[in-house]
Amino acid sequence: MNWLTRLMRHERLEAQLDAELRDHFERLVLDYVRDGLSEPDARRRARLEFGGLDQVKEVCRDARGTRWFEEFTQDVRYGWRGLMRNRSFAIVAILTLALGVGANTAVFGVINALLLRPLPVPDPTGLISLQRRVGTQAGGNFSYPQVLELSKQGDLFKLLCGFGRDQVTVGPAGAMEPAVVAWVSGHYYDTLGLSPQAGRLLIPADDEPGASPSAVLSDAYWTRRFGRNPGVIGESIQIEGVPVPIVGVSPAGFTGANVGEAVDLTLAIQSRLVVRPDQPFYTGPGARWLRILARPQPDLPQDQLQARAIVVWRQLMEASIRPTTLPEDRRRLMSEELDVLPGRTGTSLVRAEFRFPLQIAMGFVIVVLLIACVNVANLLLARGATRQREIAVRLSIGAGRARIVRQLLTESTLIAVGGMAAGLVVAWIGSRALLTLMAAGRGLEGAGALALNLTPDWMMVAVTILMVGGTTLIFGVAPAWRASRVQPGAAMSASGRVAESHGRLGSSLVIAQVALSLVLVIGAGLFARTLYNLRALDRGFDVTDVLVVGTSAQRAGFTGPKLAAFNSQLLTFIEQVPGVRAASVAAITPLAGGGITQAIAVNGVRTGEGEMHFNSVGPRYFDAMRTPIVAGRDFARGDGPAGPYVAIVNEAFVRQYMTGPPLGQRVSVLGSAREMQVVGVVKDTAYETLREAPPTVYSAHQQRLAAATFVVHAPGATAAVASAIRAEVQSRLGGRLPRISTLTDQLEGSLVLERLLARATLMFGALALALAAVGLYGLTSYWVTSRTREIGVRVALGARTACVLRLVLGDALRMVAFGVAAGLVSAWGLSRLIESMIFGLSATDITTVAFAVIVLVFTGLLAGLIPARRATRIDPHLALRNE
Amino acid sequence: MVIAQKSDLPQGTLDLLILNVVALGPMHGYAIAQRLRQVSREVVNVTQGTLYPALHRLENRGFLAADWKQSDTGRDAKFYKLTAKGRTHMASEAESWRRLAQAVGAILKTSEGVG
């Protein structure tokens with residue numbers, strides 16, 4: 001019989017042991033009777049000789065070697081029965097923990113996936129990431145020639161690759177759909193150390209000049225689009241209308257070296273010249289769009305690698321400077337440094353973006369967990385106090401103190417395990433909700449939305465178990481220790497003194513809860529008001545009912561005059577669609593997540609160090625955006641290539657860089673001979689972000705042909721107008737669909753972080769507040785219960801209802817007051833941490849703080865009122881008799 | 001009458017004695033105790049507190065197997081019998097016991113000669 005069976009058969013083994021020993025005893029008696037003793041004498045003698053039956057049994061159980069487990073199962077059963085007897089306690093405790101643990105696991109799950117999880121490649125720790133840095137501005141990307149130069153540094157890097165991400169259209173005319181492509185240099189897969197799942201991966205020959213394009217599918221794309229059919233290898237897919245053979249499938253689980261931005265297809269950078277011939281500059285020195293991962297030479301120490309990388313980089317920069325390079329640019333180029341960083345987790349654009357909000361969210365949920373633990377500890381304390389009689393009985397019949405502590409800890413472990421199980425459900429829902437919040441409005445619908453691997457890994461499991469273990473210790477040990485420190489006699493007679501001491505510990509815990517939740521409520525208020533301020537901000541344009549339409553005319557092969565004709569015909573069409581009030585084109589639409597900055601000269605003189613934000617817009621653009629023209633005129637149809645060059649500037653530009661009346665002054669892009677005359681001044685508008693309205697120069701779109709995005713103001717008819725435009729563009733571009741969104745989408749898209757912070761902190765703040773209220777309620781009602789007699793006496797002596805209310809509520813409010821005071825000090829200390837994320841108010845904003853204090857006091861009143869009302873209904877006769 | 005308690009028996013001896021007794025045939029606990037006392041002429045008298053833990057230990061280690069059978073008293077009794085593993089163990093234990101006894105005897109004889 002093995003160890004496990006012995007455990008399973010515990011009940012039967014006990015019965016057998018009993019039968020065996022009884023048999024022995026009876027035989028002994030029989031023998032004595034046979035020796036001539038009377039039956040009673042024989043029994044007495046046998047019992048004497050036998051000794052304590054229970055002791056014999058104990059030794060036998062020890063011989064079985066499963067005693068600890070038997071005691072453990074006994075504890076579990078006992079604890080379970082105890083919890084079942086007091087179900088509401090168990091449910092409140094488990095739910096409280098589930099929310100605390102679940103919120104933490106959810107946020108940590110996203111942090112883990114985005115920031116901590118290593119790339120699914122062999123030896124990820126052997127990877128390094130290279131980044132350009134100018135001063136403190138780190139994280140710069142590289143141009144393709146720079147990647148090629150760096151990959152030649154064989155004495156530093158064994159393997160090195162560059163990669164960038166882009167959206168393309170895939171499929172034949174009429175059935176095109178967007179797909180995300182990674183453009184990679186030749187050694188991409190070598191550097192990562194991956195092997196194909198089917199076919200082959202890209203090799204350096206694919207990235208030689210003139211090589212014909214080949215595409216590698218990701219596992220997810222292979223599944224989604226081709227149903228994992230191995231036959232597609234060797235076939236061609238149409239990428240931007242160009243047939244490209246599929247050569248292989250990358251391994252499952254690998255979604256690209258850009259964490260958070262899963263790619264569907266991977267192609268060599270040289271293929272870009274064939275697939276996107278409209279953008280040849282991407283392979284030139286001007287476009288810095290690639291990130292670099294590398295494997296250093298194995299015998300090279302880290303510090304030497306960094307030192308030599310700096311030298312190599314300086315040489316590269318020096319070689320890239322041409323005689324025509326302006327002195328400012330020369331200085332800027334030479335001030336660049338190259339950082340060698342760990343590349344274990346790959347690279348990610350979204351990582352830098354979300355790191356801070358996620359850290360804040362993590363801080364919030366840790367506090368929520370602390371509050372939850374305090375709550376459960378308080379519940380256990382109160383429970384321990386009411387169970388002192390029971391514990392005293394067990395102590396006086398000889399149970400060891402350690403055994404009692406263990407028993408009580410088993411109970412809290414049961415609660416913890418229940419909380420963890422329920423918490424995992426909360427976490428599963430929560431992490432997906434968090435991801436949706438992060439992905440919303442990123443302007444990458446469907447393919448290319450934020451994709452993170454949230455499957456739990458050992459890290460997640462370890463953190464969850466640590467969290468649950470830690471919380472069990474925090475909320476279980478102190479109450480258990482305290483509860484077991486009972487003087488049996490004292491507890492049996494009067495419980496008053498014990499209750500008093502519980503009250504002191506309990507109230508300091510509640511004060512801590514109030515303080516912590518005040519900090520969270522203040523934080524949530526600040527983030528919510530930041531979001532509100534940004535949304536309500538007048539940034540010089542009106543987002544309602546404005547469609548933003550991007551065509552793929554350039555990708556479809558329209559260039560030069562043909563493109564201009566296409567754009568003008570489409571604009572004419574749009575203007576005639578019923579419901580359109582005003583329509584125009586622009587190179588850049590506000591809050592779209594990009595822009596052009598250039599150095600500008602005013603009247604031939606460079607305007608200091610700053611760079612101007614630049615846009616190129618058509619006539620009626622300001623009308624469609626409802627941006628007021630403050631002075632001068634709008635662009636007109638007559639501002640064509642033949643006419644004099646004109647510009648419109650905003651008020652910020654006038655304020656900062658112009659003296660005298662702006663109209664008639666001349667502005668030009670630095671280094672260009674084409675001067676533009678200022679013909680109008682418009683109100684300041686937000687450009688890349690809502691947070692600022694920078695100095696901006698607008699040129700006439702017909703005079704400076706650039707990318708064209710259509711803006712259409714169609715009050716109340718956006719849906720109908722959008723479908724009309726969609727049909728028109730599709731028929732003109734051989735099946736290519738336009739990208740149509742609204743300016744409201746763009747606004748919301750630019751507020752992803754703010755919305756994430758506001759929603760997450762509001763939710764966690766409300767959670768903290770609710771938990772604190774539960775804590776306060778629990779303690780106050782405990783207080784009322786344990787002082788029923790005292791209150792009864794007071795009422796008997798003539799205390800009025802108001803007096804009793806004051807007595808109970810006064811106690812609750814005193815705790816709230818202490819908590820608020822402690823919370824204000826902590827919030828003030830932490831305010832600097834979040835200063836950079838808030839807008840339109842200070843981190844110590846008095847209104848927000850006052851509001852948070854009011855919310856807390858009100859919550860405290862509410863939580864105290866229910867037990868207080870119960871106290872007023874205490875019947876003095878009953879209260880005194882019950883004692 | 002000298003009564004040998006567990007503490008008087010050298011370590012592991014009780015196990016060896018039990019195995020030897022049970023080797024004669026299936027036997028319940030009371031009979032094993034009786035037999036030990038008779039064969040040792042009342043020298044070895046094991047109490048229940050010593051006997052049953054030993055029996056359970058030997059059973060757990062696989063040297064003994066147990067069967068519940070109806071006995072002469074009409075009650076079900078637990079009968080222990082020697083397993084093949086127990087037999088091997090017993091043989092090797094007995095051998096080392098004999099060797100130890102011989103060695104001890106030889107040493108005692110030498111010291112008697114000197115004395």
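**Exercise 1.** Determine in which strand A:Ser668 lies, and decide whether A:Ser668 counts as buried or exposed.

*Solution.* A:Ser668 belongs to strand S20 (residues 666-669) of chain A, where strands (E, at least two residues) and helices (H or I, at least four residues) are DSSP runs numbered from the N terminus. This is a predicted model, in which local features need pLDDT of at least 70 and side-chain atom pairs count only at pLDDT 80 or more, while totals for chains, interfaces and linings use all residues. Residues are numbered from 1 along each chain as its sequence is written, chains are lettered from A and ligands numbered from 1 in the order in which they are written, and side-chain values use heavy atoms, with hydrogens and water left out. Next, the relative accessibility of A:Ser668 is 4%, so the residue counts as buried (buried means under 20% relative accessible area, exposed over 50%, partly exposed in between, with a 1.4 Å probe and protein chains only). Finally, with neighbours within four places in sequence left aside, A:Ser668 is in contact with A:Ala599, A:Ile600, A:Ala601, A:Arg674, A:Glu675 and A:Met676, contact being heavy atoms within 4.5 Å.

**Exercise 2.** Describe how helices H1 and H3 of chain B are arranged.

*Solution.* The axes of H1 (residues 13-22) and H3 (residues 48-60) of chain B come within 10 Å and cross at roughly 75°; axes are lines fitted to C-alpha atoms, for helices over the stretch in contact, and angles run from 0 to 180 degrees between N-to-C directions. H1(B) and H3(B) are therefore roughly perpendicular to each other, a label that covers 65 to 115 degrees. On the side of H1(B), the contact is made by B:Leu14, B:Asp15, B:Ile18 and B:Leu19, whereas the contributors from H3(B) include B:Leu51, B:Ala54 and B:Leu58.

**Exercise 3.** State how much area chain A and chain B bury between them, and which residues of chain A lose the most.

*Solution.* The two chains bury about 1,900 Å², of which 55% is on carbon and sulfur atoms; buried area is the accessible area (1.4 Å probe) that two parts lose on being put together, summed over both. In chain A, the residues losing the most area to chain B are A:Glu20, A:His24 and A:Arg27, together 36% of what that side buries. Counted by contacts, 21 residues of chain A meet 22 residues of chain B.

**Exercise 4.** Locate A:Asp123 and describe its phi.

*Solution.* A:Asp123 sits in the loop between helix H6 (87-116) and strand S1 (128-134) of chain A. Its phi is positive, about 45°, although A:Asp123 is not a glycine. Most residues other than glycine have a negative phi. With 47% relative accessibility, A:Asp123 counts as partly exposed.

Methods. Parallel < 35°, antiparallel > 145°, perpendicular 65-115°, else oblique.
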